[in-house]
Amino acid sequence: MATEWDALQHAYGSAEDTPPYLRQLLNEDPDVQAEALGMLDMSVLHQGSLYSSTPPAALFVAAILAHPQTLAEHESFFPWDDRTRPLRAALLDWLGQIADSASCGEAPGSEDVYRDEYDGEDKDELEAIRACRSIRPELYDAVEPFLDDPHPDTREAALGTVTVLLKAPDLAELVPRAAHRLRSVLAADGSRRERSSAALAMGTWGQDTTGLLDDPDPAVRTCAALATGCAGMPRATAVLLEALQNPAEADH
């Protein structure tokens with residue numbers, strides 16, 4: 001069913017100008033792609049706020065993640081972001097920001113946490129939050145395949161977005177599947193950053209990370225020790241103290 005963009009809103013009013021930017025994400029010019037994502041970031045996800053146009057824009061982005069044009073590498077549209085990476089990685093990060101905004105204030109059994117906090121015009125934001133939460137299963141299905149993408153920046157972005165999505169109470173049943181994939185990441189000879197991020201994600205999801213407390217890499221050990229399930233464990237405490245004794249290396 002076609003989206004009636006002129007009936008939707010973003011940060012600057014009517015979202016009728018949104019479709020051209022969505023189409024430009026698949027433009028052959030990487031600079032055009034970068035600008036299109038920048039404009040979407042400023043309108044349908046302005047400073048982390050959600051609008052009625054955010055869910056359909058997110059679903060469009062999720063649908064094009066596998067398109068070959070998203071492999072194009074470019075610099076960010078924003079001057080404060082000096083990274084050069086595939087558009088696919090940037091799009092995955094963008095979806096993660098939407099998921100993070102949608103989860104704000106959420107806890108198990110509290111899907112109406114905002115009911116008494118919004119009135120008048122703020123009810124539009126409440127509806128946008130609920131709409132973004134409702135599409136999380138579709139977003140997850142689109143993002144998960146990129147956990148083992150050949151490009152490290154894309155894998156990292158996918159992991160960050162999956163980690164945020166699986167904090168949602170309604171996606172809890174998907175945690176074991178994602179954890180299985182991350183165990184493969186942890187067993188592989190990947191980068192310190194990737195393996196540490198996987199350990200942090202596992203701990204965030206309540207998975208057992210005790211087997212990583214003796215990992216050869218001190219960064220992985222430390223990230224594993226931060227898991228809630230390690231609270232009160234002498235070995236985990238020792239790992240954290242070890243990191244704190246060398247704060248410069250721990251920060252690195």
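**A walk through a predicted chain**

T209 sits in the loop that runs between helix 9 (192–204) and helix 10 (218–225). Helices (H or I, at least four residues) and strands (E, at least two) are DSSP runs, numbered from the N terminus. The model is predicted, and local features need pLDDT of at least 70, side-chain atom pairs count only at pLDDT 80 or more, and totals for chains, interfaces and linings use all residues. Residues are numbered from 1 along each chain as its sequence is written, and side-chain values use heavy atoms, with hydrogens and water left out.

With a relative accessible area of 2%, T209 is buried. Buried here means under 20% relative accessible area, exposed means over 50%, and partly exposed lies in between (1.4 Å probe, protein chains only). What does T209 touch, leaving aside its neighbours within four places in sequence? T209 is in contact with A199, M202, G203, A224, A227 and C230, where contact means heavy atoms within 4.5 Å. The side chain of T209 also reaches the backbone oxygen of A224, at 2.9 Å. A polar contact is a pair of N or O atoms within 3.5 Å; within protein, one must be able to donate a hydrogen and the other to accept it, and residues adjacent in sequence count only if both atoms are side-chain atoms.

The chain as a whole comes next. Its secondary structure comes to 12 helices and 4 strands. A compact globule of 252 residues would have a radius of gyration near 18 Å, and the chain, at 20 Å, agrees with this. That radius is taken over C-alpha atoms, and the globule rule is 2.2 Å times the number of residues to the power 0.38. Along the principal axes, the C-alpha atoms fill a box of roughly 60 × 45 × 30 Å. Of the 252 residues, 45% are buried. Among contacts between residues at least 6 apart in sequence, 57% join residues at least 24 apart.

The chain exposes about 13,100 Å², and carbon and sulfur atoms supply 52% of this area. Accessible areas come from the Shrake-Rupley method with a 1.4 Å probe; for residues, only the protein chains shown count as cover. The chain has 19 positive and 44 negative charges, and their mean positions are 7 Å apart. Lys and Arg count as positive and Asp and Glu as negative, while His and the chain ends are not counted. The place of a charge is taken as NZ of Lys, CZ of Arg, CG of Asp or CD of Glu.

Another loop lies between helix 4 (87–102) and helix 5 (123–134), and S103 is found in it. S103 counts as buried because its relative accessibility is 17%. Its side chain reaches the backbone oxygen of D100 at 2.9 Å. Apart from neighbours within four places in sequence, S103 is in contact with R133 and R136. S103 and C132 are 29 residues apart along the chain, and their C-alpha atoms are separated by 9.0 Å.

C104 lies in the loop between helix 4 and helix 5. Is C104 buried or partly exposed? With a relative accessible area of 48%, C104 is partly exposed. C104 and I129, 25 residues apart in sequence, are 9.0 Å apart in space, C-alpha to C-alpha.

Helix 7 (residues 152–165) holds T163. T163 has a relative accessible area of 13%, so this residue is buried. Leaving aside neighbours within four places in sequence, T163 is in contact with A201, T204 and W205.

Q9 counts as partly exposed, at 39% relative accessibility. Q9 and T161 are 152 residues apart in sequence, and 25 Å separates them in space, C-alpha to C-alpha.

The last stop is the loop between helix 2 (30–43) and helix 3 (54–64), which is the place of Q47. At 74% relative accessibility, Q47 counts as exposed. Most residues other than glycine have a negative phi. Phi of Q47 is near 50 degrees, a positive value in a residue other than glycine. S49 lies in the loop between helix 2 and helix 3, and it counts as partly exposed at 26% relative accessibility. S49 and T70 are 21 residues apart along the chain, with their C-alpha atoms separated by 25 Å.
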